[in-house]
Amino acid sequence: MSKADEGLVRWGEILNAKYALPLALVCLGVWLHAADELLLATMMPAMVGEIGGAELVSWNLALYEIGSIAAGAASGLMATRFGLRLPMAAAAALFGVGCSISALAPSMQVVLAGRLFQGVGGGGLTALAFVAVGLLFPRRLLARAMGALSALWGVSAFLGPLVGGLFVEYGTWRGGFWFFAAQALALCLWILFSFRGREQARPTEAAGGAFPALRLALLSAGVLAIAFAGINVSPGRTPLLVVAGLLCLAVFLAIDARRGANRLLPHPVISFRDPVGAGLTMVFFLSSATIAVVIYGPLLLTALHGISALTAGYVVACSSIGWTITAIAVSGMPERHDPLIIGCGVTMLVASIPGFVWSVPAGPVWLVAVFAFMEGGGFGLAWTFILRRMTTLAADGENARVSGAIPTVQRIGYAVGAAYIGIVTNAAGFAEARGAAETAHVARVLFLSCLPLALVGLAAAVRFITVRTKAGTGATEPSPADP
């Protein structure tokens, strides 16, 4: 890479006739997934009022996540076999079908079927967006493209609930699903026509073999068991479900590792010796460690500090704001700074957790917002460069698989982390907590329990950023600290 290539990357280099349309295309796929995931937050009361099914509300998110994880795991293999055009168009079509099913649903059970299709389509679009960034843009522009995706994800955190609220207020919740179905159809057609003849959008490696139905079933069963363990926590059933879920995931990884070019995920996924495995280990544990504030933050803040649910939601949303601002701010940095920026981001993220241990029970509320901004900002700072460094460290022919694995492993981390903190808060007496003192104790225990996960993620990050790459290649050479 020449010295000119190593300089600061300006937005004008990616927002031009050559790259603006591919960037808009992958951003639209991420928008559909991120905004639809949050769409139900404001539409759900109206949906329950019309079609019932209050007891199934939590499964709208659980099935959406399961579909997203399964599709994300398969996306790297599909891109390896067929390139980007057909898998991305199929994901957009499935997303649109799911939205249409939910829009027409006479009962919550039918909505759940639509949500599963939406999860498959949305998860596929997001994972393939990562693959597309690695294939459609030169390495010099990867961080800017990732910064744009991160910015759109943060914007979606606000616009998704707003769109749902507007349809409920001025129309019907079914219109919200139709709105996203129309966007999915437009995206499907755009992909089919805009990717035609784009040879650079097709990976160079090829893979064969049967469709990995058994592995996807094991992966889905593992995530489903863990998700169910975190929804209704009990001393007898919850540990059994967690063990069963982790066993399914372990069997999935063991089988997948033996499939060679037909693998769904890189091998190994969890590792401190392999640099790519260390990067995925970092993503998994940091995702598990940071889900607590999203799930329990609003409940604890309203109970402890007497603020409104809306205010608590905005405090938690500071995480998305921090992610967006830092991702945009550093996205033009040259590649030689990747290890330093990732290290700073991970350190900032880990430091936010002791901040939550203190600030959530004791306040003030503005301090909680500061640490939420730190947590999201740390992730945004590192996330922008994780893809670029992982694809640099990946073996030849593994870029599509590695790129698609990043958001998939992140979501598995969220699912496992949600079950873990559900068990912790139940054991700490959250359901029986009476008064501020007992609730504050639960909050301290909750965030302290996240610290070991974050420290494991930090240790993996050290390995990920200290391995050196040979100039001009994706191969690695040991750092002085390596055994």
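Contact here means heavy atoms within 4.5 Å. Residues 1-5 also stay under 50, with 5 such contacts. For the protein chain, mean pLDDT is 81, and 89% of the residues reach 70 or more.

This is a predicted model, where local features need pLDDT of at least 70 and side-chain atom pairs count only at 80 or more, while totals for chains, interfaces and linings use all residues. Residues are numbered from 1 along each chain as its sequence is written, and side-chain values use heavy atoms, leaving out hydrogens and water.

On to the fold. The chain comes to 15 helices and 2 strands, taken as DSSP runs numbered from the N terminus (helices H or I, at least four residues; strands E, at least two). Of its 483 residues, 56% count as buried. Buried means under 20% relative accessible area, exposed over 50%, and partly exposed in between, with a 1.4 Å probe and protein chains only. Among contacts between residues at least 6 apart in sequence, 81% join residues at least 24 apart.

The axes of H13 (residues 365-393) and H14 (residues 399-427) come within 9 Å and cross at roughly 145°; axes are lines fitted to C-alpha atoms over the stretch in contact, with angles from 0 to 180 degrees between N-to-C directions. From H13, Trp383, Ile386, Leu387, Met390 and Thr391 meet Asn399, Val402, Ser403, Ile406 and Gln410 of H14.

Trp383 turns up again in the largest nonpolar core, a set of 145 residues, as one of those touching the most other members, alongside Met47, Phe137, Phe180, Met282, Met390 and Phe447. Such a core is made of buried Ala, Val, Leu, Ile, Met, Phe, Trp, Tyr and Cys residues joined through side-chain atoms within 4.5 Å. Beyond its neighbours within four places in sequence, Trp383 contacts Phe130, Met146, Ser150, Val283, Trp323, Ile406 and Gln410.

| Residue | Relative accessible area | Class |
|---|---|---|
| Asp256 | 2% | buried |
| Arg273 | 64% | exposed |

Asp256 is found in H8 (residues 237-257) and touches Arg215, Arg263, Leu264 and Leu265, not counting residues up to four places away in sequence. Arg273 sits in the loop between H8 and H9 (275-290). Its C-alpha is 7.7 Å from that of Arg463, although the two are 190 residues apart in sequence.

Conventions
pLDDT is the predictor's confidence in each residue, from 0 to 100.
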